[in-house]
Amino acid sequence: MSELPAAVTIYEVGPRDGLQNEKTLVPTGVKAEFVQRLRLAGLPIVEATSFVHPKWVPQLADAAELMELLGEAGRDCPVLVPNERGLDRALELGAQHIAIFGSATETFAQKNLNRSLDEQFAMFEPTVRRARDAGLDVRAYVSMCFGDPWEGAVPVEQVVSVGKRLFDLGASQLSLGDTIGVGTAGQVTDLVDAFTAAGMDTDQLAMHFHDTYGQALANTLSALQSGITTFDASAGGLGGCPYAKSATGNLATEDLVWMLTGLGIEHGVDLREVVATSVWMAGHLGRPSPSAVVRALAESGA
Ligand code: HMG
Ligand code: MG
């Protein structure tokens with residue numbers, strides 16, 4: 001497998017994508033410790049929380065308190081921001097990295113953002129412009145890149161059109177989300193090819209897989225073969241989206257790290273520390289981690 005990249009960046013989303021979907025409300029102090037432990041385990045980027053409407057995602061309503069607890073270190077952690085109100089809140093706390101999140105489909109734009117597919121751009125445009133003027137780095141997510149629970153398969157051209165439009169607002173990276181985890185390896189190759197044919201470089205793209213159908217690692221390998229070097233993952237496989245019923249856990253950070261290590265790809269993450277963190281967090285959530293690697297290593301006492 002000599003054509004694979006030598007190193008990848010893991011973009012950790014557990015504290016945000018993971019905890020946004022948990023029934024249990026995790027105390028802010030525990031969230032802060034979660035972020036800190038993940039950073040100490042060598043994860044270079046840890047997305048901390050969301051400045052969305054607190055009624056839409058009550059699990060992350062304590063975003064301001066969390067950022068205050070994290071202090072200076074929190075400024076390096078990206079936060080989700082959907083609109084100018086969210087940006088104002090993030091700026092007040094000194095955030096340096098924000099992420100906007102668009103939808104490739106009409107129905108999910110309505111359900112997740114209360115906007116039509118077209119209206120979402122009117123919401124993001126001034127948000128990104130003001131963030132860039134203030135010197136912030138902006139990541140853009142596009143959701144439902146492979147399938148949508150209401151609309152079924154999503155045409156590749158539609159994903160590329162929405163993704164490019166979001167990126168061109170002024171983002172430094174576009175994360176392609178398989179929000180409900182239905183994609184398969186060949187589709188990943190096709191989507192990356194379509195984005196590169198549309199003029200994007202593979203180092204401007206990240207992949208965001210969910211493991212609903214057990215395809216996340218196969219899809220990751222496919223993306224590695226296409227030259228992708230940034231992968232979103234969630235410690236312990238926590239996660240989902242409260243506005244997409246069939247979105248279950250994200251690709252577990254531990255599963256990703258295990259595969260990358262086996263392939264000889266550098267990632268800089270201490271697997272044992274991430275497993276210990278996920279086991280600790282599972283205790284707070286009252287249920288075991290769905291990650292196969294966490295289970296195997298925790299059971300073996302390693
Ligand atoms: P809306 O109700 O249309 O908002 O929600 P609005 O603009 O009409 O404003 C209504 C009121 O809300 C106003 O207050 C605003 O100030 C307030 P009023 O004047 O009536 O007193 N408001 C806010 N307050 C606090 N923070 C804010 C904010 N914005 C407005 N940011 C909105 C529109 C986008 C806000 C709402 O739909 C929302 O919060 N959606 C977020 C949903 C969400 O977080 N989903 C999960 C993340 S996406 C995901 O997980 C997928 C991803 O992981 C990738 C993948 O897996 O594919 C990224
Ligand atoms: Mg997600």
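Which strands each supply at least two residues of the lining of the second largest pocket? In this predicted model, they are strand 1 (9-12), strand 5 (97-103) and strand 6. Helices (H or I, at least four residues) and strands (E, at least two) are DSSP runs, numbered from the N terminus. A pocket is found on a 1 Å grid over the protein atoms alone, as an open set of points where a 1.4 Å probe fits, with protein on both sides within 12 Å along at least five of seven lines; lining residues have an atom within 4 Å of a point.

The second largest pocket has 14 lining residues, and Tyr11, Ile45, Pro78, His97 and Asp137 are those nearest its centre. The largest pocket is lined by 33 residues, with Val52, Pro82, Phe101, Asn112 and Leu113 nearest its centre. Helix 1 (14-18), helix 4 (84-92), helix 5 and strand 6 each give at least two residues to this lining.

Salt bridges come next. A salt bridge here is a side-chain nitrogen of Lys or Arg within 4 Å of a carboxyl oxygen of Asp or Glu, and the structure holds 12 of them. One joins Asp62 and Lys31 at 2.8 Å, N to O. This pair links distant parts of the chain, 31 residues apart: Asp62 is in the loop between strand 3 (49-50) and helix 3 (63-70), and Lys31 is in helix 2 (residues 28-40). Both Asp62 and Lys31 are buried, where buried means under 20% relative accessible area, exposed over 50%, and partly exposed in between (1.4 Å probe, protein chains only).

Another salt bridge, between Asp232 and Arg139, also has an N to O distance of 2.8 Å. Asp232 lies in strand 11 (residues 230-233) and Arg139 in strand 6, so this pair ties together parts 93 residues apart in sequence. Asp232 and Arg139 are both buried. Within helix 6, Arg129 and Glu125 sit four residues apart, about one turn of the helix, and their side chains meet at 3.2 Å, N to O. Arg16, Asp17 and Glu47 form a network of salt bridges.

Backbone angles deserve a look too. Most residues other than glycine have a negative phi. Met144, however, has a positive phi of about 60°; Met144 is in the loop between strand 6 (137-143) and strand 7 (147-148) and is buried, with a relative accessible area of 0%. Asn114 has a positive phi near 60°, and counts as partly exposed because its relative accessibility is 46%.

Residues are numbered from 1 along each chain as its sequence is written, while chains are lettered from A and ligands numbered from 1 in the order in which they are written. As this is a predicted model, local features need pLDDT of at least 70 and side-chain atom pairs count only at pLDDT 80 or more, whereas totals for chains, interfaces and linings use all residues; side-chain values use heavy atoms, leaving out hydrogens and water.
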